[in-house]
Amino acid sequence: MTRAATGIELAHARTGGYPYYGHEAPVRPGDYFALHCARACVLKKTRVSLQAATIETTEGPSRGFVMRSHPFISSMFLVRGLTGLREGPVETWYANARFQRSPGAAPGDPLKGSQRRTIDIGGAPLHVEGRVEQIVDQACAEHGQCERYPRITWTVRFDGTRRTLAVLGGNSNLESPIPIEDFLVWVGDLDGDGKPDMVVRPQELNRGLEMALYLSRDLAPGKPWKPAAAFHFWDPREYVC
């Protein structure tokens, strides 16, 4: 699904489309911009459609939708609702080529301890860090005999300010934490203010696809940096548990 409380919508396209089941459309159809990265990253116009279809699920066939983009463009993400977007080059400091080729590929080696990637933003370093720690599930801590589960904290530090992007796990929901190479999708100037925006994958499960868009313009002193939009997909042919 796409959460669009900000009026901005984030989505992803793949060959064959994304199947959803249920009576509510997962995203709104219409015109989007696809961010495609080859030698440089550019925005290209595309159109998202929702076509009614019979969807295979873990409980059998069900009525639903298939989300597709036309024309299909191998892209980092699809976005709309952000003022000033137009076709053409986008200032980019990092683009995950592996993600653009195959976003559903098996993740790399699980994150252990901590990993950091530093990206040069016009001479200023942007640090993205993932840190894993083993903690007791608070839901059963009072019983005294609980398993320890990994909890991962993703943070970003830029221009002297540190922000937490996501805190995941701490219970049995978190699979092997994805490495930083899979967490980072793209860092660039999407809204044209000269500061870094980013798309990341705050995933508790290696399966499916979760993406979140963070805009630099939403940074406020002393307040959390909340995503401007997010996208989530879970293959209905796979069990959740």
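## Strand pairing around β16

Strands β16 and β17 pair in the antiparallel sense over five bridges. Two strands count as paired if DSSP finds at least two bridges between them; helices (H or I, at least four residues) and strands (E, at least two) are DSSP runs numbered from the N terminus. This is a predicted model, in which local features need pLDDT of at least 70 and side-chain atom pairs count only at pLDDT 80 or more, while totals for chains, interfaces and linings use all residues. Residues are numbered from 1 along each chain as its sequence is written, and side-chain values use heavy atoms, with hydrogens and water left out.

Strand β16 also pairs with β15 (residues 197-200), antiparallel and through three bridges. L213 of β16 is the bridge partner of V199, and L213 also stands opposite A229 in β17. Strand β16 covers residues 209-214 and is mostly covered, with five of its six residues buried. Buried means under 20% relative accessible area, exposed over 50%, and partly exposed in between (1.4 Å probe, protein chains only).

## Aromatic pairs

The structure holds six aromatic pairs. Rings of Phe, Tyr and Trp (its six-membered ring) pair if their centres lie within 6.5 Å; planes under 30 degrees apart count as stacked, over 60 as edge-to-face and the rest as tilted. Y20 and F233 form an edge-to-face pair, with 5.5 Å centre to centre and 80° between the planes. This pair links distant parts of the chain: Y20 lies in strand β3 (residues 18-21) and F233 in strand β17 (residues 229-233), 213 residues apart.

## Disulfide

A search of the whole structure finds one disulfide, the term being used for a pair of cysteine sulfur atoms within 2.5 Å. C37 and C41 form this disulfide, with their sulfur atoms 2.0 Å apart. The torsion about the S-S bond of C37 and C41 is about 110°, so the disulfide is right-handed. C37 and C41 are both buried.

## T153 in strand β12

T153 is found in strand β12, which spans residues 148-158. T153 is buried, with a relative accessible area of 18%. Leaving aside residues up to four places away in sequence, T153 touches E129, G130, R131, T164, A166 and V167. Contact here means heavy atoms within 4.5 Å.

## Overall fold and surface

The secondary structure of the protein comes to two helices and 17 strands. For 241 residues, a compact globule would have a radius of gyration near 18 Å, and the 19 Å of the protein agrees with this. The radius is taken over C-alpha atoms, and the globule rule is 2.2 Å times the number of residues to the power 0.38. Along its principal axes, the C-alpha trace spans about 55 × 55 × 30 Å.

Of the contacts in the protein with a separation of 6 or more, 58% are between residues 24 or more positions apart. Buried residues make up 47% of the 241 residues. The accessible surface comes to about 12600 Å², and 48% of this surface belongs to carbon and sulfur atoms. Accessible areas come from the Shrake-Rupley method with a 1.4 Å probe; for residues, only the protein chains shown count as cover.
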